[in-house]
Amino acid sequence: MSYIPYEIITHKRQVCSLYKKACRTIEDWYHYRPLMRINIVRLRKRFDDSKNIIDVPTAQELLKKGQHELWSNQHYYPHQFPSSPGGTAFDRDCFPPDWVLDSWHPLEKAQYPKYFAKREERKKEYIALWEKRWGKPFIPHDEH
């Protein structure tokens with residue numbers, strides 16, 4: 001089995017997800033904002049008209065029809081947000097390691113005296129904690 005569901009998705013959550021995907025599909029098709037809003041309001045009315053259905057099989061049938069309609073009306077080139085999976089900027093966050101700050105010039109460090117004073121203090125605390133837990137590092141001496 002290539003897909004094993006690991007959580008139960010409630011009917012309410014499926015309907016909310018369907019509504020959001022349908023709104024995004026409308027946004028893909030209409031770039032003129034007033035026309036987009038009119039169609040989203042019409043979509044919301046369709047959802048509101050069927051929100052009081054208590055009969056479970058009927059509600060499930062409506063959900064399946066909605067998912068089929070969404071599939072048949074999908075855009076050929078849907079919009080993807082840059083930071084979302086599949087977007088152009090997904091997973092491009094660059095977090096430089098802490099040791100990069102050690103290579104700063106003293107004049108650069110002088111612009112942030114409180115930060116670097118606290119940083120030096122924390123480095124000493126970290127080294128003390130490391131030595132307490134693992135011992136001092138072994139540095140072999142030359143025997144010449």
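Which ring does the charged end of R44 sit over? The ring of Y19, 5.4 Å from its centre. The cut-off here: NZ of Lys or CZ of Arg within 6 Å of the ring centre and within 35 degrees of the ring normal.

Ground rules before we go on. This is a predicted model, so local features need pLDDT of at least 70, side-chain atom pairs count only at pLDDT 80 or more, and totals for chains, interfaces and linings use all residues. Residues are numbered from 1 along each chain as its sequence is written, and side-chain values use heavy atoms, with hydrogens and water left out.

Start with the annotation. UniProt, in an unreviewed entry, places "domain: Complex 1 LYR protein" at residues 13–71. Those positions follow the numbering used here, feature names are shortened, and annotations may be inferred rather than shown by experiment. Over residues 13–71 the chain is 85% helix and 0% strand. The end C-alpha atoms of that stretch are 18 Å apart. Helices are DSSP runs of H or I, at least four residues; strands are runs of E, at least two; both are numbered from the N terminus.

Now the aromatics. How many aromatic pairs does the structure hold? Five. Y19 is in one of them, with F47: edge-to-face, 5.2 Å centre to centre, 75 degrees between the planes. That pair links distant parts of the chain, Y19 in helix 1 and F47 in helix 2, 28 residues apart. Next, W29 and Y76: also an edge-to-face pair, 5.9 Å centre to centre, with 70 degrees between the planes. W29 lies in helix 1 and Y76 in the loop between helix 3 (56–72) and helix 4 (106–109), so this pair ties together parts that are 47 residues apart in sequence. The criteria: ring centres of Phe, Tyr and Trp (its six-membered ring) within 6.5 Å; planes under 30 degrees apart are stacked, over 60 edge-to-face, the rest tilted. There is also an aromatic cluster, formed by W104, Y112, Y115 and F116.

Stay with W29 and Y76. Is Y76 buried or exposed? Exposed, at 70% relative accessibility. W29 is partly exposed, at 40%.

Y30 is in the loop between helix 1 (11–29) and helix 2 (33–49). At a relative accessible area of 31%, Y30 is partly exposed.

On to charges. The count is ten salt bridges. The rule is a side-chain nitrogen of Lys or Arg within 4 Å of a carboxyl oxygen of Asp or Glu. Look at R119. R119 bridges to D98, with the closest N and O atoms 3.0 Å apart. D98 lies in the loop between helix 3 and helix 4 and R119 in helix 5 (residues 113–134), so that bridge ties together parts 21 residues apart in sequence. R119 is buried, with a relative accessible area of 7%. D98 is partly exposed, at 48%.

R119 has another partner, D102, with the closest N and O atoms 2.8 Å apart. This pair also links distant parts of the chain: D102 in the loop between helix 3 and helix 4, R119 in helix 5, 17 residues apart. D102 is partly exposed, at 36%.

Then there is K123 with E120, a salt bridge at 3.5 Å, N to O. Both lie in helix 5, three residues apart, about one turn of the helix. K123 is partly exposed at 27%, and E120 is partly exposed at 32%. Shared partners join D98, D102, R119, E120 and K123 into one salt-bridge network.

Last stop, the loop between helix 3 and helix 4. D91 lies there. Its phi is near 65 degrees, a positive value in a residue other than glycine. D91 is exposed, at 67% relative accessible area. G86 is in that loop too, and is exposed at 56%. G86 and W29 are 57 residues apart in sequence and 19 Å apart in space, C-alpha to C-alpha.

Terms used. Buried < 20%, exposed > 50% of the residue type's maximum accessible area, 1.4 Å probe, protein only.
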